[in-house]
Amino acid sequence: MAHPTSTDVVRNLLMTLMCCGYALGSMLAALLGKQLLAVHGWQSVFFVAVLPVLMIPFILRYMPESLAFVLRKKGSSALLATARRLRPDLQICADCEFALAEVDSRSGDSIARLFSEGRCFSTVMFWIAGIAGLFVLYALSSWLVKLMSMAGHDLGSALNYLIAFNTGGLLGAVAGGWVGDRLGLKWVSFVLFIVGAVALMMLAQGVQPLSLIVMLVGASTMGTQLLVYIYTAHFYPASIRSTGLGFATGLGRIGAVSAPIVIGFLVALQLPLMSNFMVIACVSLVGAIAIALVDERASAYRRSSTPVVPKTQQVE
């Protein structure tokens, strides 16, 4: 197992914190939804949902491209300017030239490279893990309130469980990222998939206290999905990282689309409440198996943890 450098640890931490925006947004949606539904009706929720569009100009203006992308497309001078803008305190000589590590400098069709160099099987496993993770996440995000209502809780209490679910997801993502830096993203993701399945089985059995069990479910399902994304990004070299992560997240939407439909179908069959949670738990186990089968020998992280290095000066 490759040991992360200090740069990798900071990068993993920042990626984890960035991914926590999903959980924070979902918590905010639940809190606002409780107030808006009671006072202004369901239509108001859709008007508020448009507000994030206002962030697009700021994203386009202030979010930089990755250093490897800047180097490949614009050269060392553009990379130097970007680095100085991001880190004014960094001492880099003006005539310093940068080069991509060999694993990141290879050319070729990015889609074809997802299946070359021993990555074919692992690429498919990432897709399956992404589908399974998003199935679990969207099944619970879409139906947790309804399922808890079916268990006898009123709407307010059911929405509180949704808040507990997302709070757990936030904590699970941060804690999982921290542990993953030290023990490896692959096996931490695997364990969280397993913990998620067990927690869902406990929820199906009505184990008390329910709020803590729901938080554990959130920590181990939402946290897992965020770690899988980070692990996927680490697996591919920088030159095809966007393609690899894009395919994994894009195809993962199969799970996101199918989850509300499948759980809705099960609810319509009026099966015992535990059956719904057991189905979701089984999908979590599928995700665990897929992650366990990823071949780390093909990982770019093992081959190079410094994708952009100066030719004439080493920069930490």
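The model is predicted, with local features requiring pLDDT of at least 70 and side-chain atom pairs counted only at pLDDT 80 or more, while totals for chains, interfaces and linings use all residues. Residues are numbered from 1 along each chain as its sequence is written, and side-chain values use heavy atoms, leaving out hydrogens and water.

The protein chain holds 13 helices and 2 strands. These elements are DSSP runs numbered from the N terminus: helices are H or I with at least four residues, strands are E with at least two. Of its 316 residues, 44% are buried. Buried means under 20% relative accessible area, exposed means over 50%, and partly exposed lies in between (1.4 Å probe, protein chains only). Contacts require heavy atoms within 4.5 Å. Among contacts between residues at least 6 apart in sequence, 80% join residues at least 24 apart. The chain exposes about 16000 Å², and carbon and sulfur atoms supply 69% of that area. Accessible areas follow the Shrake-Rupley method with a 1.4 Å probe; for residues, only the protein chains shown count as cover.

Helix α7 spans residues 120–150 and includes Thr 123. Thr 123 is buried, at a relative accessible area of 0%. Beyond four places in sequence, Thr 123 touches Leu 114, Phe 115 and Tyr 236. Gly 130 also lies in helix α7. Its relative accessible area is 2%, so Gly 130 counts as buried. Gly 130 and Tyr 229 are 99 residues apart in sequence, yet their C-alpha atoms are 8.1 Å apart in space.

A nonpolar surface patch comprises Ile 111, Phe 115, Val 124, Ile 128, Phe 247 and Val 286. Together these residues have about 420 Å² of accessible area. Patch residues have over 30% relative accessible area and no salt bridge; like charges are joined within 9 Å, nonpolar side chains (Val, Leu, Ile, Met, Phe, Trp, Tyr) within 5 Å. A salt bridge places a side-chain nitrogen of Lys or Arg within 4 Å of a carboxyl oxygen of Asp or Glu. Phe 247 belongs to helix α11 (residues 238–268). Phe 247 is partly exposed, at 30% relative accessible area.

Buried residues of α9 include Leu 192, Phe 193 and Gly 196. Just after α9, Gly 206 adopts a positive phi of about 75°.
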